[in-house]
Each structure stands twice: as C-alpha cells, then as structure tokens.
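Biologist: Could you take one part of this model and go through it closely, saying where it sits and what surrounds it?

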Amino acid sequence: MTTKFTIPELPDETIRLAERITLADLLDSPVTRADAVSMISNVIRHGADYAPLKGEDDTLLELDLFRVHQSVDADTRNALFQHLRDRRGHGNR
C-alpha cells in the first residue's frame, strides 16, 4: 500500500536562514541534542514511507543520517529518548 503525502515547501528565507546551522551544531548543543537524535531516528524509521518522493540526493542524505544514527550507542540514544519522554511528562511510557 502506497501512501500519498503532500509535503509543503518552506519559504526560501527559511532555507537561507537554516544554512547557517549544521547538524553538528544541533548534536553538539545540550539544548537541541535529544531532539536532533529523535529527528534522525524518525527519518530513518519512516524513510520507506517517502520512497515515491526520494531523489538520489535524498537517498544519500538518508544514508548519511543512518551513519550518524549508528554512531550513537544505544544507551545514549535511550537516555536521550528518556529525556524527551520526561520533558513531555510521559515518564517511562
């Protein structure tokens, strides 16, 4: 079963502003680290859902994100995810 997604474009200004921020910046900051790892995990987990939208550049980006994801050990990922659950008030759910 193929799901059709409509992904809205972002304004050029948003992309231009984001060019100053790297994934390394997000992973290095304690303020954004847990959310960045979560985002990477979500991209990897749901990548197949977006197959109809992917170009070669998207596939290469996903591969790079997978490598970054694999470089974070499971205990650290779990601690970051627990932090997000705690922050959202969900405890150990």
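Modeller: The largest share of the lining of the largest pocket, six residues, comes from α4, where helices are DSSP runs of H or I with at least four residues, numbered from the N terminus. This is a predicted model, in which local features need pLDDT of at least 70 and side-chain atom pairs count only at pLDDT 80 or more, while totals for chains, interfaces and linings use all residues. Residues are numbered from 1 along each chain as its sequence is written, and side-chain values use heavy atoms, with hydrogens and water left out.

The pocket (on a 1 Å grid over the protein atoms alone, an open set of points where a 1.4 Å probe fits, with protein on both sides within 12 Å along at least five of seven lines; lining residues have an atom within 4 Å of a point) is lined by 16 residues, and Val 43, Asp 58, Leu 61, Glu 62 and Leu 65 lie nearest its centre. Both α3 and α4 contribute at least two residues each to this lining.

Helix α4 itself runs over residues 56–71, and its 16 residues reach 23 Å from first C-alpha to last, close to the 22 Å expected at 1.5 Å a residue (1.5 Å times one less than the number of residues). Its buried residues (under 20% relative accessible area with a 1.4 Å probe, protein chains only; exposed means over 50%) are Glu 62, Leu 65 and His 69. Viewed down the axis of α4, these buried residues fall within an arc of 65°, so they line one face of the helix, the arc being that of the directions from the axis to the C-beta atoms. The face turned away from that buried side carries the exposed residues Glu 56, Asp 57, Arg 67 and Ser 71.

As for what lies against the buried residues of α4, they pack against α2 (23–28), α3 (33–45) and α5 (74–87), where contact means heavy atoms within 4.5 Å. Leu 65, found in helix α4, is buried with a relative accessible area of 9%. Leaving aside residues up to four places away in sequence, Leu 65 touches Leu 23, Ile 40, Val 43 and Ile 44; Leu 23 is 42 residues from Leu 65 in sequence but 9.6 Å from it in space, C-alpha to C-alpha.

On the side of α5, the buried residues are Arg 77, Leu 80 and Leu 84, and down the axis of α5 they fall within an arc of 65°, so they line one face of that helix. What covers these buried residues of α5 includes α3 and α4.
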